[in-house]
Amino acid sequence: MKETKKQYWKGVEQLTNHPEFVKYATKEFPRDLPYKEGVMQEEEGGSSRRDFLKLMGFSVAAASLAACEAPVRKAIPYLVKPEEITPGIPNYYASTYMNGGNYSSILVKTREGRPIKIEPNTLGDITGNGTSAQVQASVLSLYDKARLTSPYINGQAVEWAALDSQIKAKLENIVSGNGQIRIVSKTLLSPSTKAVINEFISRYPGTTLVMYDPVSCYGMVKANEQSFGKAVIPSYHFDKARVIVSFGADFLSTWINPTKFSADFIKNRKLDQGKKEMSRFYQFESNLSLSGANADYRTPIKPSSEGLVVANLYNLLAAKAGKPGISVARVEVKHLEKAANDLWNNPRQSLVVSGSNDSNVQIMVNAINDLLQNIGSTIDLKTPVYFRQGNDEQMKQFVSELNAGNIQGLIFLNSNPVYDHYLGDTIKAALSKVNLKVSISESRDETAVAMDYLAPDHHYLESWNDAQPVEGTYSLCQPAISPLFNTRQAQETLLTWAGSTSTDYFQYIRQHWSANVFPTQSKQGNFQTFFDQSLHDGIYTIANRAVTLELIAFNGDLNAAASAISTSYKADNPALELAIYETIAIGDGSQANNPWLQETPDPITKACWDNYLTISQAMANELGIRVEEGKTSQVKLTVGETSIELPALVQPGQARGTVGIAVGYGRTNAGRVANGVGVNAFPLQKEANGVPLMSRTEGVSVTVTSEPAKVAHTQTHHTFMEREYVIQETTLETYTRHPESAFHRPKIAVSNALEKKLDDEVIDGKMQPREISLWKGHEYNNHHWTMSVDLNSCIGCSACSVACQAENNVPVVGKEEVLNRREMTWIRIDRYYSSEETATSNKELEQAAENPEVTFQPMMCQHCNNAPCETVCPVAATTHSHEGLNMMTYNRCIGTRYCANNCPYKVRRFNWFKYHDNTRFDENMSMNNELGKWCSIRT
């Protein structure tokens, strides 16, 4: 590998070689040892042996008590064993994950009737044959004791008959008085559910369905209607694009259908003997996102200039096409002209996308794609997707009617707008004007607590349902377990209130499919056979539908869009700006009470258990903020008339003059895990032209408070024993010319005596490490397993980390213990920044942190052939298998931690405490309550 001056660093502490970081970088313990409950102390000379014993006292005492007590086991034998269940053998059921517009076709792994793991369903490619961190963690939400367990009227548990009687009577009164009823929901992907709602509307005229999305794409839908006559979101084919340009669309993480986009994006990033080219990716954004981290060329821009940057790209391409440009202010943006050249050289094989909810920006993006002839090639309007159906204008009209007292009946269907809508405070204040207030949801969330009636819904793993995620494709959801509580499926609840002759939703789905889906095929002549096959596969795609892409002419009013952009966007806004975003784990906050997701670090910041204000290093220097191993300052963010306090986090790559904050936090009625974690950023959104924008470009200020703060990081506490070349990377050009130059293959210098003995293997006094060993080695008579990860395909999304946590029931430890470097995850995704030189001054630090390159490296047990953890264990708890696997006998371990000390990759984790049945770790819902233990049992 060619020598380089490139510096790889995990955080600014490492880049600057801060004395405190250097002092403790090789320490296995944090410098603050909580040897008294709730007290953090440090001695002049570091941690003493006495402190260590005090620190260890809790776990030693817990282990001693556990050893003296026989565990309580509850077993119910089968009198008649179900035919499909064999103890110890898992069953898999095809099903569908839906959470608003978030969708995935899945397989549910069950043991003895308990769902314990989610796997991707590879029979359909709607989500790229993959799953996200949120999908993987959703199985744990089934066992959440914060779920509603029965119906409630005015805070009192009741029977379903009593609830139904009162609600039906009130609905009748509203209809008889010509009153208005609204059903408010997030995106509904289920055609059968929409049919149920239509039946409800027929029974109660005056009812209207209102759909919204916490993070909206309605601006795109409006733009497509004006541009192409279709109010839809198209299918994007990232796998067909040789050049990709994105303006704030984090399509690898949270934008529309990220698992599908990621899989398609990776297809053009793989190299082999016959393929020496990769797609080229440009990202223009304010916050450093997962997509930006994977971009070949990333340019930080302010939200106030985004529309102008898009318009300038149009002018560059229009000039090449010999067409007139549009009248907008000129902006100088790095990489924009290069992106225009690459786009122009790849017509019909390029793609331009934007995450903006401004329809004028989206119209400009449509015009660019039209110039490049991408409509009908990389953009398919003939096969729209239905992941985002929210209508911001309709939702705003609903809030206006609610505030005016014009709505008499209100049903929130698995939606929580009091929390996750920018007008949530207005909605909450106006609820007192409604006569009938009902929440159909799984938990008593921020909206449900203000309702008179609570009708608890099943978890999706207890439910029948269907979905139409994409035009021409359907999927089915089937229950993997009987309902754990006295809940009732939302659709059956609506059918009951509508007075339907049949309230069996399973039969309702069958009838709907028989009438609407079954006729679309001719392969099966019997509906039962067709339905059984669809249920088995989990997904059905119309085979005979036309698959040819359709070229649709652009008819948008480009000049009107340019005029609106010139009015709304500025080339050089001097004011501080706020960029709002979603994280890959917490998302819109609907699963915030899931501890697996709370402890999943953000792929970029590597922080968990909080949201925070991301600031640039330049701003940190101006404010006097120093972030060191999680220690930071509390800041006050003021946006308009709203002020909130939260920790500041220096984020390399943050556009200068901007700050960032994630939504999904600040829950107050989610459960013990999420309540009080972070602050709610949804109210900070600004409305423009009837839609909310994920940015604020004026009225933003930040001041430092006198309060210190801590952010739980998982990145800088792992060291690599001074190992060089932890990251090995190169450019495509260098790799194509000299493939071997991309790899560093160290050799071992040998003595003269050994050189004579091993003359054949020694070259210039050095030899390959594998040629010499202190050990005799292992014999592999059968299989010899090895492990490899395609680092060119890893985007750092953390789905594998959550999947490993689910598969192995790895405990969460909470924010305090993460601060103490004791997280237990078996797979972590290390994120490295890189710059040309080490920073020794604030100016150099600002330059290095302004827009660094980012590299991800998954780190897990390497199953070393001569594993150092095996050779140091005094009780042989860690051993080598005859097939080359590094194995662990947990009940033999006595806790010396020699294995962790000797691991060069720092992946050996140590159980500091007894996490199960321990009130100190209440976040472990799968270990600390009877319900959660149903999920945690592994056989």
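Select Lys437 and Asp452: they form a salt bridge, with the closest N and O atoms 3.2 Å apart. A salt bridge here is a side-chain nitrogen of Lys or Arg within 4 Å of a carboxyl oxygen of Asp or Glu. Lys437 lies in strand S18 (residues 436–440) and Asp452 in the loop between S18 and strand S19 (453–454), so the pair ties together parts 15 residues apart in sequence. Helices (H or I, at least four residues) and strands (E, at least two) are DSSP runs, numbered from the N terminus. Lys437 is buried, at 9% relative accessible area. Buried means under 20% relative accessible area, exposed over 50%, partly exposed in between (1.4 Å probe, protein chains only).

A note on the model. It is predicted: local features need pLDDT of at least 70, side-chain atom pairs count only at pLDDT 80 or more, and totals for chains, interfaces and linings use all residues. Residues are numbered from 1 along each chain as its sequence is written, and side-chain values use heavy atoms, leaving out hydrogens and water.

Next, select Arg488 and Asp164. Their salt bridge has its closest N and O atoms 2.8 Å apart. The pair links distant parts of the chain, 324 residues apart: Arg488 is in the loop between strand S21 (473–477) and helix H16 (490–497), Asp164 in helix H5 (residues 160–176). Arg488 is buried at 13%, and Asp164 is buried at 9%.

Move to Glu817 and Arg822. Their side chains meet in a salt bridge of 2.6 Å, N to O. Glu817 is buried at 2% relative accessibility; Arg822 is buried at 1%. Then pick Asp125, Lys260, Asp264 and Lys267, which salt bridges with shared partners join into one network. The protein's count comes to 26 salt bridges.

Now show helix H13, residues 392–403. At its start, a side-chain oxygen of Asn391 reaches to within 3.1 Å of the backbone nitrogen of Glu393. Color the buried residues of H13: Asp392, Met395, Phe398, Val399, Glu401 and Leu402. After H13 comes Gly405, with a positive phi near 80 degrees.

Trp785, Leu885 and Met887 make a nonpolar patch of about 290 Å². Patches use residues with over 30% relative accessible area and no salt bridge; like charges are joined within 9 Å, nonpolar side chains (Val, Leu, Ile, Met, Phe, Trp, Tyr) within 5 Å. Areas come from the Shrake-Rupley method with a 1.4 Å probe; for residues, only the protein chains shown count as cover. Leu885 sits in the loop between strand S38 (878–880) and strand S39 (886–888).

Note on methods. The expected span of a helix is 1.5 Å times one less than its number of residues. A polar contact is a pair of N or O atoms within 3.5 Å; within protein, one must be able to donate a hydrogen and the other to accept it, and residues adjacent in sequence count only if both atoms are side-chain atoms.
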